[in-house]
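Biologist: I would like to learn how to read a model like this one. Please show it first.

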Amino acid sequence: MKISVVGTGYVGLVTGVSLSEIGHTVTCIDIDENKVNKMRQGKSPIYEPGLDEMMTKNIESNRLFFTTDHKQGFEGADVIYIAVGTPEKEDGSANLAFVEQVAKDIATNIKKDTIVVTKSTVPVGTNHKVKQIIHINLVNDVKVDIVSNPEFLKEGSAIEDSFHGDRIVVGSESAQAADIIEEINKPFGVTVYKTDIRSAEMIKYASNAFLATKISFINEISNICERVDANVEEVAEGMGMDKRIGSQFLKAGIGYGGSCFPKDTKALIQIAGNVDYEFELLKGVVNVNKKQQALLLNKLNERLPDLKGKRIALLGLAFKPNTDDMREAASIVVTENLIKAGAEIVAFDPIATENAKTLLSEKVNYAESAEEAIKGSDAALILTEWDEIKNVNREVFDTMNYPLVIDGRNCFKLEEMRERRVEYHSVGRPSIN
Ligand code: UGA
């Protein structure tokens, strides 16, 4: 199959690369010339374990191409995937300008029957809009089928997820188009779930909203645990043993971040609002998450009300481990507040430092290791559970000005910190003073 993918963000690039890996000829299109030049050399613009290697292999096998030219990129394509961004608008709704532009580009360039597949997360009804735009702007007499094929990959394990996902959702009005997309994906060995277009669009939002709900739920439970001297990890494990609940996404922490949950939850509230339905539960989930992001600062303020001139080690800046993505990361709010309070920040992140430098205040200092950041500090705050942080040499706590650790990701065993004589406050677990 000859496939084109428009947009080389996380979703587009991983989709293109993994489709080439299973044998298809794939051309990825992006308007950013710098990015395209880098990708032609097998260099991914994003950090994603295994991606560079897979890119290089398929470029060398002449199955994977990159271009800035839509016309050239669409040439001879049997299937075109739309994977451009749908950023959040000020009112929380999804901005569809990029998707609509791609639909127009497709209509004016294609010369043969084509299946257009939407990978981008788009509100219910968007695929029908894409269909309309294509039909209005179509230049040649060709047949176009529309398929909604939402993506469920997670950053940091995107390649792994492509090959071992739980399902591939295919929404279509045409049984034939759905069969072709199923066939394309067959080598992944992942179950294909076929449905109608609107339900497919809804599955994506409902799934992300449900996962976000699980996180906010366990975070609220953790706040109660702290007040009643229970341990949220034990609670989550006991809950998760019930198969109806499941053990995943019950890790209490400082709230969810990233480019998906914050954006998609707000978009679904908007989608519901547009049809006069108030999604009360999801509004609660969003509010709880906002409160949870302030948890570390509140705990720090209780212990050190005056932060002026205090040296604070910030451990982990990315919104989660194994990614350099800083979008909606708790570290943004935390650094802003610490700097306002006059603290001196020494931050460490194994991968996200370059991205952090473009986003965080110039006043933030960066260390080469967790140990270097912690040494001589008045308190250490843990924001991301990187292995480099979980496995930090425990003796480093003896080198702190005062051994106060506030852990937003429950990286250490309570017993260990007690033995080390560290004052340790974590999430939903008893404090060690
Ligand atoms: C999420 C979904 O998990 C993917 O299925 C989906 O495809 C993707 O959004 C998307 O819509 O594109 P992602 O944002 O990469 O993936 O990251 P997750 O691993 O889901 O983590 C999101 C946030 O939740 C992180 O800040 C993480 O620290 C937090 N989290 C996750 C918790 O606080 N507790 C948990 O138990 C799990």
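The dialogue below takes up domains, ligand shell and core.

Modeller: This is a predicted model: local features need pLDDT of at least 70, side-chain atom pairs count only at pLDDT 80 or more, and totals for chains, interfaces and linings use all residues. Residues are numbered from 1 along each chain as its sequence is written.

Biologist: Into which domains is the protein divided?

Modeller: Domain bounds come from an automatic or database domain assignment. Here they give domain 1 (2-195), domain 2 (204-291) and domain 3 (294-425). The centres of domain 1 and domain 3, taken over C-alpha atoms, are separated by 38 Å. Their contact (C-beta atoms, placed from the backbone, within 7 Å) takes 5 residues from domain 1 and 7 residues from domain 3.

Biologist: Which residues are closest to the ligand?

Modeller: A residue is near a molecule if its C-beta atom, placed from the backbone, lies within 6 Å of it. The ligand has 21 residues around it, and the closest are Glu155, Lys251, Tyr256, Gly258 and Cys260. Helix α9 (197-228) supplies at least two shell residues, as does α11 (261-274). Helices are DSSP runs of H or I, at least four residues, numbered from the N terminus.

Biologist: Why does the ligand lie between domain 1 and domain 2?

Modeller: Because both domains give residues to its shell.

Biologist: Which residues of the largest nonpolar core touch the most other members?

Modeller: Such a core joins buried Ala, Val, Leu, Ile, Met, Phe, Trp, Tyr and Cys residues through C-beta atoms within 7 Å. Buried means 20 or more other C-beta atoms within 10 Å of the residue's own. Ile82, Leu314, Leu315 and Leu381 lead among 122 residues in touching other members. Helix α9 gives the largest share, 8 residues.

Definitions and conventions:
Two residues are in contact if their C-beta atoms, placed from the backbone, lie within 7 Å. A residue is buried if 20 or more other C-beta atoms lie within 10 Å of its own, exposed if 12 or fewer, and partly exposed in between; C-beta atoms are placed from the backbone.
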